[in-house]
Amino acid sequence: MNIKEKDKAYIAPTYNRFPVEIVSGKGSLVQDETGKEYIDLTSGIAVTSFGVADDEWQQAVISQIGKVQHMSNLYYTIPCAELAELLVQKTGMKKVFFSNSGAEANECAIKAARKYQAEHKGSGCYTIVTLKNSFHGRTLTTLAATGQEHYHELFQPLTPGFVSVEAGDMEELKKVCEENDAAAVMIEVIQGEGGVVVMDPGYLKALQAYVKEKEILLIVDEVQTGNGRTGAMYAYMHYGLEPDIVSTAKGLAGGLPLGATLLSEKVQDVLGYGDHGSTFGGNPVSCAAAVSIVKRLTPELFQEVRDKGAFLMDTFKGAEGVEDVSGMGLMIGIRPSKKTASEVISACMKNGVLCLSAKDRVRLLPALNIPMELLEKAAAVIKEALV
Ligand SMILES: *Cc1c(COP(=O)(O)O)cnc(C)c1O
């Protein structure tokens, strides 16, 4: 059997894979089994922050693997503490819990919020209010947080204590928070899986003021938008939000599994001995990889990301075959007007460019350091595919 046949025979078919087998790559260029080269605008869904097989990242990983690949969290390891310090320095948050994925980072955020409110407002204060069209993960609890019914079907009962409200509607949010004695509001400032939907700044400002006044915690899910993706360390920073808890994963370790839940001053002491844990969470190799990424998330890099994002916006806004462009930095969604997103993606693939979809949009999530020349080349291919 070849790889495609083996995959079909032995792997649960939960993914609708593209008909391409990627065997190697460097930076923003990857090759398939026939040697055909593609410009990668997917980064493994916002994961390989500095591209494939990046030198600095590779060195960090190889060096740590040669020292110790795993130790229990019952012992100290250098990369874990170094990464936590970097994250705290770059955010002003106070404490970090490491896990392995976005869903787990959100699970930790939810546990922290529930425990905090159980101690401050009482055991009836547990409801987490989320937004419709959100995506927070695939575990039963993060599915409950995900405000999209079609993910819930066939998996009932989900974890109770979640209600989703329409994004942009402050009146509904207030009503639901009051009726349910909300413990926390959990949002993405740009809904990635929901179709690259950017939240209205006025809404976020009103939401922030409301939760602060009512002492409801604000959880921001930065799993996709985080770690430089939008041209800031975290996307909430563009809006001047003051989240109590931030979750992140995807791009954090540049291609190895790692989740992080960041706790602000207010909630920094909520997770105590025995409250939470993870065998692999904060694995030294993943953390060493993440240190090599987070170190390079500088204001200069953020400016580059914003400039490249502006180039994509300018290229596609008002272009033939484009109805609308959304997003921020290097997280861009193009809604085609003449073709479906999947038709555009197929045409791009044929012509050597890998793109993603999100709902009815073509979604672009290139590496943060993609050379301008490759981005221009890829943009030209997409433009042609849109008409
Ligand atoms: C991808 C994603 C998740 C889930 O992350 P996993 O690592 O797949 O568990 C959660 N929230 C957001 C916003 C995401 O984009």
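Q: What conventions apply to the numbering and to the side-chain values?
A: Residues are numbered from 1 along each chain as its sequence is written, and side-chain values use heavy atoms, with hydrogens and water left out. Since the model is predicted, local features need pLDDT of at least 70 and side-chain atom pairs count only at pLDDT 80 or more, whereas totals for chains, interfaces and linings use all residues.

Q: What area is buried between domain 1 and domain 2, and which residues of domain 1 supply 30% of its part?
A: Buried area is the accessible area (1.4 Å probe) that two parts lose on being put together, summed over both. Between domain 1 and domain 2 this comes to about 2200 Å², and carbon and sulfur atoms give 62% of that area. Of the area that domain 1 buries against domain 2, Met328, Met331 and Lys359 supply 30%, more than any other three residues.

Q: How many salt bridges and polar contacts does the interface hold?
A: A salt bridge is a side-chain nitrogen of Lys or Arg within 4 Å of a carboxyl oxygen of Asp or Glu. The rule finds 1 salt bridge across the interface of domain 1 and domain 2, while a search of the whole structure finds 16 salt bridges. A polar contact is a pair of N or O atoms within 3.5 Å; within protein, one must be able to donate a hydrogen and the other to accept it, and residues adjacent in sequence count only if both atoms are side-chain atoms. Between domain 1 and domain 2 the count is 12 residue pairs in polar contact, both residues being at pLDDT 80 or more.

Q: Which residues surround the ligand, and what polar atoms lie by its nitrogen and oxygen atoms?
A: A residue is counted as near a molecule if one of its heavy atoms lies within 4 Å of it. The residues that surround the ligand include Ser101, Asn106, His136, Glu188 and Lys250. A backbone N or O atom of Phe135 lies 3.2 Å from a nitrogen atom of the ligand, and a polar side-chain atom of Asp221 lies 2.8 Å from a nitrogen atom of the ligand. In the side chain of Gln224, an N or O atom is 2.8 Å from an oxygen atom of the ligand.

Q: Why are Lys115 and Glu119 separated by about one helical turn?
A: Helices (H or I, at least four residues) and strands (E, at least two) are DSSP runs, numbered from the N terminus. Lys115 and Glu119 are separated by about one helical turn because they stand 4 residues apart in helix 5 (residues 102-120). Their side chains meet in a salt bridge, at 3.7 Å from N to O.

Q: Where does Leu271 lie, and which residues does it contact?
A: Leu271 is in the loop between strand 12 (259-263) and helix 10 (284-294). Leaving aside neighbours within four places in sequence, Leu271 is in contact with Cys108, Ala112 and Leu263. Leu271 and Lys111 are 160 residues apart in sequence, yet 8.7 Å apart in space, C-alpha to C-alpha.

Q: Is the peptide bond from Gln156 to Pro157 cis or trans?
A: That bond is cis, with omega near -5°, and Pro157 lies in the loop between helix 7 (149-152) and strand 6 (162-165).

Definitions and conventions. Contact = heavy atoms within 4.5 Å.
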